[in-house]
Amino acid sequence: MTVQDAAWIDLGPLDAFPARGARTLRTEHGCVAVFRTGADEVFALDDRCPHAGGPLSEGIVHGRSVTCPLHNWVFDLETGAARGADEGRVATHPCRVEGGRVLIDAARLVRR
Ligand code: FES
């Protein structure tokens with residue numbers, strides 16, 4: 001999918017997202033966690049850990065990773081892949097900051 005095909009939805013100002021934290025977005029396909037890193041990057045992942053369903057939005061954000069709050073598995077925010085000895089992958093969604101606003105590609109959420 002190219003940026004031109006995307007249907008970007010404005011989720012609000014970056015400042016409304018906690019640094020090194022996340023806000024959740026309810027969709028037809030479940031909750032999506034939108035993370036903000038300490039470097040003000042944003043990443044969107046399904047809010048469900050592939051291990052046992054833990055809410056990743058409540059995890060600890062460090063660098064470009066999040067640690068699941070239930071059993072400490074670590075996921076790469078950019079790829080959704082588990083790091084180290086942990087297994088599995090979380091679905092990711094295109095997300096970006098433009099003009100201080102957080103945008104997410106809703107077309108991808110709807111098509112899933
Ligand atoms: S539910 Fe996430 S590590 Fe177990």
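1. Two residues are in contact when heavy atoms of theirs lie within 4.5 Å, and leucine 77, leaving aside its neighbours within four places in sequence, is in contact with Phe35, Thr37, Phe43, Leu45, Val61, Gly63, Arg64, Ser65, Val66 and Thr92. This is a predicted model, in which local features need pLDDT of at least 70 and side-chain atom pairs count only at pLDDT 80 or more, while totals for chains, interfaces and linings use all residues. Residues are numbered from 1 along each chain as its sequence is written, and side-chain values use heavy atoms, with hydrogens and water left out.

2. On the overall fold, the protein has 1 helix and 10 strands, where helices (H or I, at least four residues) and strands (E, at least two) are DSSP runs numbered from the N terminus. Read along the sequence, the pattern is β-β-β-β-β-β-β-β-β-β-α. Among the contacts with a separation of 6 or more, 42% are between residues 24 or more positions apart.

3. On the interior, 43% of the 112 residues count as buried, buried meaning under 20% relative accessible area, exposed over 50%, and partly exposed in between, with a 1.4 Å probe and protein chains only. In soluble globular proteins, nonpolar side chains tend to be buried together. A nonpolar core is a set of buried Ala, Val, Leu, Ile, Met, Phe, Trp, Tyr and Cys residues joined through side-chain atoms within 4.5 Å. The largest such core here has 15 residues, and those with the most contacts inside it are Phe35, Leu45, Leu56, Val66, Phe75 and Leu77. Strands β3 (30–36) and β4 (42–46) each supply at least two residues of this core, and apart from it lies another core, of 11 residues, including Leu11, Val32, Val42 and Cys95.

4. On the rings, a charge sits over a ring if NZ of Lys or CZ of Arg is within 6 Å of the ring centre and within 35 degrees of the ring normal. Arginine 23 lies over the face of phenylalanine 17, at 4.9 Å from the ring centre, and the charged end of arginine 96 sits over the ring of tryptophan 8, 4.2 Å from its centre.

5. On the backbone, most residues other than glycine have a negative phi. Arginine 20, although not a glycine, has a positive phi of about 55°, and this residue is found in the loop between β1 (8–13) and β2 (21–27). Asparagine 72, also not a glycine, has a positive phi of about 70° and is found in the loop between β6 (65–67) and β7 (74–76). Arginine 20 counts as exposed because its relative accessibility is 53%.
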